Amino acid sequence: MADKQALNATFFAFRKRERSGVLLGTTIAFVVGMVVLLGAFVGVFWASLMPAVEWYGEVITAAAANDTAAMQNVTMPPGLFTLIGALMLWLFPFYILCAAYEAACLRWMIHGESVGFMGLSLGAPTFRVWSTYWMWFLLNIAFSIVMSVLMGVMTGVFVASGDATAMVAVLPAFYLFQYALMGYFAVRLAPAAATSVARRKFSFFQAWTVTKGRFLALLGSFLLVFLIYIIVSILLAVVWFTVILGGVGPDLASVANDPQRMNAVMLEAFEAYLQSLSQPQNWVVIGVLQVIGLILMAFTYLATYGINARAAQAALEEGKIAPAS
């Protein structure tokens, strides 16, 4: 096994490689695919979608105004459940497209391969990544069940003891333990998709070997990427509130000090937003903010893919994992 090498994974996705623009082209192809999928869904279910959107707007307006009578008069559109079922089915091609995008990025970063339409393909790597999504889904369900059982047992013990004060004191520690455990396993198994791509075989739990001795380095890389995401998101939110909501922004910031005004302030904010849409100059601002938001999301996803790809690549080079025979 080779000596442990420096990971330097945080911005691995953006390193200069022999061909430039591959990840950009793949990202553009992914966005085009998303637009096509979304457009197809809207086109097929337009008749059910618009009543659902109008119903949602009425519910939000009535709730913001705390208008009980209006809430009672709002009727659910007849095609809502059909629309929900269609959306659930639509998630299958959506996540396959996401898997194709992640697989394309990982293949390029780890093996220097780019195949299919601008990197996107429905080959085996895509479905290995898609299977990884299902594993995460099942593990999340299992984890939730285990933690719910522990919470139930702990609650039962405290109820039986009659010590409600202790229960209140222990709950924050329990939640802290739960989220710390989630974070630890999330980092240790984060390169699962990258490991499968690196080994050219579904290898979800081999990620545990990949991250052995790398936990703190990977955690630091993920935290730095998400810190950048949070800072830029806050800046975008400040611009959005300042330009789009105008004078309502400060009221939203201070509503925590006066909960009784929350409904009134939320209604003012909603009305200000609707009014802002009638001003064409605000469309430009909203459009620019949306584009910046999309770029930020692309940066975040690519950076996290890069962190995982670098971890898997290093594990290959060190002999911790090997390509499938």
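A residue is called buried when its relative accessible area is under 20%, exposed when over 50%, and partly exposed in between (1.4 Å probe, protein chains only). Helices are DSSP runs (H or I, at least four residues), numbered from the N terminus. The model is predicted, so local features need pLDDT of at least 70 and side-chain atom pairs count only at pLDDT 80 or more, while totals for chains, interfaces and linings use all residues. Residues are numbered from 1 along each chain as its sequence is written, and side-chain values use heavy atoms, with hydrogens and water left out.

Helix H7 (residues 192-199) is largely enclosed by the rest of the structure, because 8 of its 8 residues are buried. Among them are Ala192, Thr195, Ser196 and Arg199. The cover over these buried residues includes helix H4 (80-111), H5, helix H8 (207-210) and helix H12 (280-318). After H7 comes Arg200, with a positive phi near 60°.

Not counting residues up to four places away in sequence, Ile110 touches Ala194, Val197, Ala198, Ala309, Ala312, Gln313 and Leu316. Thr27, in helix H1 (residues 22-44), counts as buried because its relative accessibility is 14%. Beyond its neighbours within four places in sequence, Thr27 is in contact with Tyr101, Ala298 and Leu302.

Finally, there is a pocket to explore. On a 1 Å grid over the protein atoms alone, a pocket is an open set of points with protein on both sides within 12 Å along at least five of seven lines, and lining residues have an atom within 4 Å of a point. The second largest pocket has a volume of about 310 Å³, taken as the space filled by probe spheres set on the points. Helix H5 (124-161) and helix H6 (164-188) each give two or more residues to its lining, and H5 provides the largest share, 6 residues. Trp136, Phe143, Met182 and Phe185 are among the lining residues.

Methods: On a 1 Å grid over the protein atoms alone, a cavity is a set of points where a 1.4 Å probe fits but cannot get out, and a pocket is an open set with protein on both sides within 12 Å along at least five of seven lines; lining residues have an atom within 4 Å of a point. Contact means heavy atoms within 4.5 Å.
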